[in-house]
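Could you look over the structure below before reading my remarks? I have kept them as numbered points, each on a separate topic.

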Amino acid sequence: MPVPPTAAARSSVTPTPTLAAPPERPAPRAHRRTDAPPAGAAVEKKGEQAAGDVVRWAVFCCVLVPVVLVVYGTSLAGAAGAALGLVSVTAACRLLLRRSERGLRAETPHGGHRR
């Protein structure tokens, strides 16, 4: 029994193959300085800074979203409820971020767990 034609078979446009991203070249090897701080210290500081940036943006959004809601006609009670919800989610996320940072600091080579 013949197979009925599909929409793709009836189309005169042929699909183009997707292009894969070119393979990344490895970074050139840098010479390590003997007076450089340990690699873990830079990573910890960068991670703490990134977490702080996330919390700052979340607080900014907690202020911005209710303002935008009021400007576009939402009641003050609705905007206040949205703000309260955003503040509670932000506080919970901040708590979890701080807790995970403390856990990572405890597992670093200074704590003796992580290699």
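The points below go from the confidence of the model to its helices and then to its side chains.

1. This is a predicted model, in which local features need pLDDT of at least 70 and side-chain atom pairs count only at pLDDT 80 or more, whereas totals for chains, interfaces and linings use all residues. Residues are numbered from 1 along each chain as its sequence is written, and side-chain values use heavy atoms, with hydrogens and water left out.

2. On confidence (pLDDT is the predictor's confidence in each residue, from 0 to 100), the chain has a mean of 75, and 55% of its residues reach 70 or more. Where pLDDT is low, the predicted coordinates should not be read in detail.

3. The chain holds three helices and zero strands, where helices (H or I, at least four residues) and strands (E, at least two) are DSSP runs numbered from the N terminus. Along the sequence the pattern therefore reads α-α-α.

4. As to burial (buried means under 20% relative accessible area, exposed over 50%, and partly exposed in between, with a 1.4 Å probe and protein chains only), buried residues make up 9% of the 115 residues in the chain. In helix 3, the buried residues include Ala79, Ala83, Thr90 and Glu101.

5. How many salt bridges does the count come to? With a salt bridge taken as a side-chain nitrogen of Lys or Arg within 4 Å of a carboxyl oxygen of Asp or Glu, the count comes to two. One joins the side chains of Arg56 and Asp53, at 2.6 Å from N to O; both residues lie in helix 2, three residues apart, about one turn of the helix. Arg56 is exposed, with a relative accessible area of 56%, while Asp53 is partly exposed at 32%.

6. Arg98 forms a salt bridge with Glu101, with the closest N and O atoms 3.3 Å apart, and the two residues are separated by about one helical turn because they stand three residues apart in helix 3. Arg98 is partly exposed at 25% relative accessibility, whereas Glu101 counts as buried at 13%.

7. The structure holds one aromatic pair. The ring centres of Trp57 and Phe60 are 5.7 Å apart and their planes stand at 85°, so the pair is edge-to-face; rings of Phe, Tyr and Trp (its six-membered ring) pair if their centres lie within 6.5 Å, and planes under 30 degrees apart count as stacked, over 60 as edge-to-face and the rest as tilted. Both residues lie in helix 2, three residues apart; Trp57 is exposed at 58% relative accessible area, and Phe60 is partly exposed at 43%.

8. Trp57 and Phe60 also belong to a nonpolar surface patch, together with Val63, Leu64, Val67, Val68, Val71 and Tyr72, and the patch has about 880 Å² of accessible area together. Patches are made of residues with over 30% relative accessible area and no salt bridge, like charges being joined within 9 Å and nonpolar side chains (Val, Leu, Ile, Met, Phe, Trp, Tyr) within 5 Å. Accessible areas come from the Shrake-Rupley method with a 1.4 Å probe, and for residues only the protein chains shown count as cover. Leu64, found in helix 2 (residues 39–71), is partly exposed at 38% relative accessible area.
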